[in-house]
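This report goes through one protein model, from single residues to the whole chain. Keep the sequence and the structure in view while reading.

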Amino acid sequence: MEEQNVQKKSVKRSFVGIVTSDKMDKTIVVSIDTKKMDRLYKKYVTRTKKCKAHDEKNEAHEGDTVRIVECSPISKDKCWRLDAIIEKAK
């Protein structure tokens, strides 16, 4: 029998959110909104999650829509990095 080397591809999570703060050096705070239906009342509830992401070149600014990708921990709070700026703030 042949041995097959099966490599598992790690699927990295990614989210699209809005930059809430860019005051730190090489760090942005991204606000991610998700809508979930309430089990009892059957109405949509908006959940907001804030993540700190690594922005190496300080490109993103407050109000920009960005995509962040999961990565290995960079500091105590940062385990996300900036992947792309989708839309600049007006």
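## Two loop residues with positive phi

Lys-42 sits in the loop that joins β2 (27-37) to β3 (44-54). The model is a predicted one. Lys-42 is not a glycine, yet its phi is positive, at about 60 degrees. Is Lys-42 buried or exposed? Its relative accessibility is 55%, so Lys-42 counts as exposed, the cut-off being over 50%.

A second residue other than glycine with a positive phi is Asn-58, where the value is near 55 degrees. Asn-58 belongs to the loop between β3 and β4 (65-70). The relative accessible area of Asn-58 is 35%, which makes this residue partly exposed.

## A buried residue in a loop

The loop between β3 and β4 also holds Asp-55. Asp-55 has a relative accessibility of 2% and therefore counts as buried, since buried means under 20%. Which residues does Asp-55 touch, not counting those up to four places away in sequence? They are Lys-26, Thr-27, Ile-28, Ala-60 and Leu-82. Asp-55 can also be placed relative to Asp-22: the two are 33 residues apart in sequence, and their C-alpha atoms are 9.2 Å apart in space.

## Residues in the strands

Strand β1 covers residues 14-21, and Ser-21 is part of it. Ser-21 counts as buried, because its relative accessibility is 18%. With neighbours within four places in sequence left aside, the contacts of Ser-21 are Thr-27, Ile-28, Val-29 and Glu-62.

Ser-14 is in strand β1 as well. Its relative accessible area is 40%, so Ser-14 is partly exposed. Leaving aside neighbours within four places in sequence, Ser-14 is in contact with Arg-67, Ile-68 and Val-69. Between Ser-14 and Glu-62 there are 19 Å from C-alpha to C-alpha, and these two residues are 48 residues apart along the chain.

Ala-84 is found in strand β5, which runs over residues 80-87. A relative accessible area of 26% makes Ala-84 partly exposed. Not counting residues up to four places away in sequence, Ala-84 touches Val-66 and Arg-67. Ala-84 and Thr-34 are separated by 50 residues in sequence and by 20 Å in space, taken from C-alpha to C-alpha.

| Pair | Separation in sequence | C-alpha distance |
|---|---|---|
| Asp-55 and Asp-22 | 33 residues | 9.2 Å |
| Ser-14 and Glu-62 | 48 residues | 19 Å |
| Ala-84 and Thr-34 | 50 residues | 20 Å |

## Cysteines

A disulfide is a covalent bond between the sulfur atoms of two cysteines. How many disulfides does a search of the whole structure find? The search finds zero. For Cys-71, the closest cysteine sulfur is that of Cys-79, at 6.8 Å, which is too far for a bond because a disulfide needs sulfur atoms within 2.5 Å. Seen from Cys-79, the closest cysteine sulfur is the one in Cys-71, and the distance of 6.8 Å is again too far for a bond.

Cys-79 has a relative accessibility of 29% and so counts as partly exposed.

## The whole chain

How many helices and strands does the protein have? It has zero helices and five strands. Along the sequence the pattern is β-β-β-β-β. Why is the protein described as more spread out than a compact globule? Its radius of gyration is 17 Å, whereas the globule rule gives 12 Å for 90 residues; the value is well over the rule, so the protein is more spread out than a compact globule. The C-alpha trace spans about 60 × 45 × 25 Å along its principal axes.

Of the 90 residues, 26% count as buried. Among contacts with a separation of 6 or more, 49% are between residues 24 or more positions apart. The accessible surface of the protein is about 7600 Å², and carbon and sulfur atoms account for 49% of that area.

Notes:
Residues are numbered from 1 along each chain as its sequence is written. This is a predicted model: local features need pLDDT of at least 70, side-chain atom pairs count only at pLDDT 80 or more; totals for chains, interfaces and linings use all residues. Side-chain values use heavy atoms; hydrogens and water are left out. Helices (H or I, at least four residues) and strands (E, at least two) are DSSP runs, numbered from the N terminus. Buried means under 20% relative accessible area, exposed over 50%, partly exposed in between (1.4 Å probe, protein chains only). Contact means heavy atoms within 4.5 Å. The radius of gyration is taken over C-alpha atoms; the globule rule is 2.2 Å times the number of residues to the power 0.38. Accessible areas come from the Shrake-Rupley method with a 1.4 Å probe; for residues, only the protein chains shown count as cover.
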